Amino acid sequence: MEKSLGKDGAELLLIFSKIRQNQLKSLLSSKGVIKFGPCVLSAMVMALSTHTYASALDQSGQSILPFLESGNYFEANVFAVDASISGVVHDRPNLVRENQSRDTGDIGQNVQFYTAALKLQLTDQFSFGLLYDQPFAAKTAYPLRPNNSYSDNDFSQEGTSVDVESQDLSFIFGYSPYKNFQIYGGPVYQEVKGKASFRGMAYTEAFNGYEANFKEKGELGWLLGASYQIPEIALKAAVTYRSKIKYKFQVEESIFGEALQFVEPAKTTIETPQSVNIDFQTGVAEKTIAYMNLRWVNWKDFNIRPTQYNALTASYLDELTGGAYKQGVDLDSYQKDQYNAIIGIGHQLTDKWSFATDVGWDSGTGDPASTLGPMKGSWSFGVGTQFNPATNYFIAAGVKYYWLGDAKSEDGAYYLPIDGIKELAEQAAFKNNHAIAYGLKIGYRF
């Protein structure tokens, strides 16, 4: 055809061809194919949408999003949380010293934690990811108060406290049997350590001064998931399952520093919970995406019951009930599974700047809640921004405010099948508490 048209005709045909291509691009955009600048929005989401102050011991939300980034990718994140949590102890002589304020004081602690990720696109079909995470944590400390409810002013001058830390490495191998679809999975190495100290009248004379020390220990678990992506409309969808991980600790138990051996020592079994994450995002308008994260964590099956503590509480309840109940009590446990939802929207303002905002909801794990974590879920609102100095790297930051759910606290015995135990076990009311979380992310594509 070009020969029959001649040189001028061929040039004219080329011009019409380019015009038609531009018309086609415009038509596709009007039908929902949303165009974005490089590394603009999708990587930003995690800096804003993490679960930095969720229920139970949940901390990071165990996101898989870095592994879904295109090409070769690296990121590092730092988070800080400032929590304000206080309550009022019930007016009972066995809980509060006479003529003293019943305020618990602020038990919230400032914490920091970190995550990082490396994703390598080895071939068109195979990819590898290495995710470092600090998924589970707890840090609360009751200050010294004259009421002596959760502090010991007479001997140790210390308050009740808990400090749990964890970290894990996820080795992820991905395979794409079809275009846009990927299955992935791999082993997860996790380490956990923690310490709990009970102080004050709230724990009776038998347990005031009790301490449990869980030395750091590592075990293996696994994850498995699948994802589907349509880059032309910024669509990403993924479902990820993480297995529970079983530990056997030789817990160091003591009373005011003196080793406790009420029965023969034995290892304590603890299982960090299984979970499911569902991630979804899609373009909804020019340079705009909507995103969502749904998370389920199986906290209902989680409990901690060290050997000596179990024996002591069993003896105490046997005496209290006249032999009707002879079992022990968990040091910490949760009554319900945790459900969490985050929904947000992000928009590219310029070639270098983007903005996102989201709202979140956390179901909590039961009410009354443990004195070590007295809250029932939360609502949150976050905002974040991302700056792209160049096409291959960026800096993102976000801040999120949490309205922590009101809860009553109990000493661990509230849910036991004992007549009248609920009134004795319930100890304090925690209301109108909050937390503020800050996140900073650096991302690099290579």
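Author: Let's start with a term: two residues are in contact when heavy atoms lie within 4.5 Å. Keep in mind that this is a predicted model.

Reader: Okay, then which elements do the buried residues of α4 pack against?

Author: They pack against α3 (204-207), β10 (210-230), β13 (252-255) and β15 (268-272). The buried residues of α4 are T307, Q308, Y309, A311, L312, T313, A314 and L317.

Reader: Why do residues three or four places apart point the same way in an α-helix?

Author: Because an α-helix has 3.6 residues a turn.

Reader: And how far apart are the end C-alpha atoms of α4?

Author: Here's the idea: count 1.5 Å a residue and compare. The 14 residues of α4 should span 20 Å, and the end C-alpha atoms are 20 Å apart, so the two agree. Just after α4, G322 takes a positive phi of about 65°.

Reader: What about D330, is that residue buried or exposed?

Author: Buried means under 20% relative accessible area. D330 has 16%, so D330 is buried. You'll find D330 in the loop between α4 (307-320) and β19 (332-333).

Reader: Which side chains does the side chain of D330 make polar contacts with?

Author: One is the side chain of R305, at 2.8 Å, and another is the side chain of S333, at 3.4 Å. Leaving aside neighbours within four places in sequence, D330 is in contact with N303, I304, R305 and Y309.

Reader: Which residues have the most contacts inside the largest nonpolar core?

Author: Those are Y53, F214 and L331, in a core of 49 residues. Apart from that core lies another, of 11 residues, among them L65, A117, Y184 and L223.

How values were computed:
Residues are numbered from 1 along each chain as its sequence is written. This is a predicted model: local features need pLDDT of at least 70, side-chain atom pairs count only at pLDDT 80 or more; totals for chains, interfaces and linings use all residues. Side-chain values use heavy atoms; hydrogens and water are left out. A nonpolar core is a set of buried Ala, Val, Leu, Ile, Met, Phe, Trp, Tyr and Cys residues joined through side-chain atoms within 4.5 Å. Buried means under 20% relative accessible area, exposed over 50%, partly exposed in between (1.4 Å probe, protein chains only). Helices (H or I, at least four residues) and strands (E, at least two) are DSSP runs, numbered from the N terminus. A polar contact is a pair of N or O atoms within 3.5 Å; within protein, one must be able to donate a hydrogen and the other to accept it, and residues adjacent in sequence count only if both atoms are side-chain atoms. The expected span of a helix is 1.5 Å times one less than its number of residues.
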